[in-house]
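Hi everyone, thanks for making time for this one.

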Amino acid sequence: MHKLVVANLNRAWRGKLFFTALAIMLAMALITVLDAQHIGPVDPFFTTYLLIVGSVILPLIMTIWVAVFIGTDYSDGTVRNKVIAGHTRWQIYGANLVACLAVVGLLYVVYLVTAVGLARLTVSGFRLNAIWRGRIGGQFLLIIFGLFSYTSLFVGLCMVLSNRTAATAAVIFLFLTLLIGGGMASMKLAEPAVYTSYSDSGKPVRRKNRSYLGGTKRQLVQTVTDMTPIGQTVRVITPGSSSLVVLVLYDMLIIGGATVLGGIIFKRRDLK
């Protein structure tokens with residue numbers, strides 16, 4: 001498997017699509033720093049904002065990169081040749097997964113280092129040690145695992161769908177579904193249990209919100225939402241929210257589940 005991983009990484013680094021993704025992330029770092037200057041470097045949300053923007057844009061980039069990277073293996077007949085050469089399907093799957101995780105991790109780190117460097121040069125009062133105050137270290141860890149979890153889902157779909165066009169459409173649809181669904185669920189969870197309205201006489205009256213989610217249903221929706229990119233982003237920017245450790249565990253569960261399920265289906269596929 002070691003040789004497969006090295007070969008995949010060499011192919012990834014040399015690909016034009018990788019450098020295109022790298023250029024986009026570098027541009028996003030510049031745009032993010034310029035946009036964040038109105039927040040102010042002493043505001044804790046300044047560093048959180050730098051962390052978040054890259055984590056929201058990168059998964060969309062990875063939907064295309066993963067589909068093209070793995071789809072090329074199928075279209076060139078490389079996957080079948082690897083099997084003929086004696087590599088097991090689990091080794092092939094694992095090597096592709098490791099390569100994709102390495103790429104998404106590298107792209108995010110490059111984005112963050114660039115954003116921090118530009119902030120130090122252009123934002124008066126910004127200091128590097130501010131990055132690690134409070135929850136920032138935990139936020140960085142959560143974002144990395146979140147990126148890994150969704151990249152694992154993308155890899156699983158692309159390893160099962162040998163057609164590159166179909167795989168690209170499937171992973172984009174999956175990401176948008178999780179993004180939009182998570183956003184709608186977060187809005188639902190943000191609704192208050194009680195709201196204030198006004199009577200005919202103009203007096204304020206507190207009324208119970210009939211659409212408020214409570215009890216087991218709320219816990220279930222909250223748990224599912226915490227597994228989506230927008231749900232985890234909300235948790236990152238909300239002080240006193242769910243433990244970051246729990247959210248990381250959710251991500252690890254997604255990574256493990258997607259890898260096992262994807263590997264089992266890929267192992268049973270007929271490689272034409």
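Before we start, one term: a crossing is called left-handed if the near helix is turned anticlockwise from the far one by less than a right angle, and right-handed if it is turned clockwise. Please also keep in mind that this is a predicted model.

Let me begin with the overall picture. The protein chain has 10 helices and two strands. Going along the sequence, the order is α-α-α-α-α-α-α-β-β-α-α-α. The chain has 272 residues, and 43% of them count as buried. If we take the contacts with a separation of 6 or more, 76% come from residues 24 or more positions apart.

Now to the helix pairs, and here the handedness term comes in. Helix H2, residues 16-36, packs against H5 at an angle of about 30 degrees, and their axes are 8 Å apart. Angles under 35 degrees count as roughly parallel, and H2 and H5 are therefore roughly parallel to each other. H2 passes H5 in a right-handed crossing. Who takes part? On the H2 side we have Phe-18, Ala-21, Leu-22, Met-25, Leu-26, Met-28, Ala-29, Leu-30, Thr-32 and Val-33. Their partners in H5 are Val-103, Leu-106, Leu-107, Val-110, Tyr-111, Thr-114, Ala-115, Leu-118, Ala-119 and Thr-122. Sorted by class, the contact of H2 with H5 has 17 nonpolar residues, three polar and no charged.

H5 has another partner, helix H1, which covers residues 2-14. The axes of H1 and H5 come within 9 Å and cross at roughly 40 degrees, which makes H1 oblique to H5. This crossing is right-handed. H1 contributes Leu-4, Val-5, Asn-8, Leu-9, Ala-12 and Trp-13 to the contact. From H5 come Gln-91, Ile-92, Ala-95, Asn-96, Val-98, Ala-99, Ala-102, Val-103 and Leu-106. By class, the contact of H1 with H5 counts 12 nonpolar, three polar and no charged residues. If you compare the lists, you will find Val-103 and Leu-106 of H5 in the contact with H1 and also in the contact with H2.

While we are on H5, let's look at Arg-89, which lies in this helix, residues 89-122. What does Arg-89 touch, leaving out residues up to four places away in sequence? The list is Val-83, Phe-266, Lys-267, Arg-268, Arg-269 and Leu-271. Take Phe-266: along the chain, Arg-89 and Phe-266 are 177 residues apart, yet their C-alpha atoms are separated by 7.3 Å. A polar atom of the Arg-89 side chain also lies 2.9 Å from the backbone oxygen of Phe-266.

The axes of H6 and helix H10, residues 244-268, come within 9 Å and cross at roughly 15 degrees. That makes H6 roughly parallel to H10. Left-handed or right-handed: how does H6 pass H10? Here the crossing is left-handed. The contact of H6 with H10 divides into 16 nonpolar, six polar and one charged residues.

Ser-149 deserves a stop of its own. This residue is found in helix H6, residues 136-160. Buried means under 20% relative accessible area, and Ser-149 is buried because its value is 0%. The side chain of Ser-149 reaches the backbone oxygen of Gly-146 at 2.7 Å. Setting aside residues up to four places away in sequence, Ser-149 touches Asp-251, Ile-254 and Ile-255.

Two more residues and I'm done. Thr-72 lies in helix H3, residues 44-75. A polar atom of its side chain lies 2.6 Å from the backbone oxygen of Val-68. The Thr-72 side chain also makes a polar contact with the side chain of Arg-164, at 3.0 Å. Not counting residues up to four places away in sequence, Thr-72 touches Arg-11 and Arg-164.

Finally, Leu-179 is in helix H7, residues 164-189. With 28% relative accessibility, Leu-179 counts as partly exposed. Leu-179 and Val-56 are 123 residues apart along the chain, and their C-alpha atoms are separated by 9.5 Å.

Note on methods. Residues numbered from 1 in each chain as written. Predicted model: local features only at pLDDT ≥ 70, side-chain atom pairs only at ≥ 80, totals over all residues. Heavy atoms only, no water. Helix = DSSP H or I, 4+ residues; strand = E, 2+ residues; numbered from the N terminus. Contact = heavy atoms within 4.5 Å. Polar contact = N/O pair within 3.5 Å; in protein donor to acceptor, adjacent residues only side chain to side chain. Axes fitted to C-alpha atoms, helices over the stretch in contact; angles between N-to-C directions. Parallel < 35°, antiparallel > 145°, perpendicular 65-115°, else oblique. Nonpolar A, V, L, I, M, F, W, Y, C, P; charged D, E, K, R; others polar. Buried < 20%, exposed > 50% of the residue type's maximum accessible area, 1.4 Å probe, protein only.
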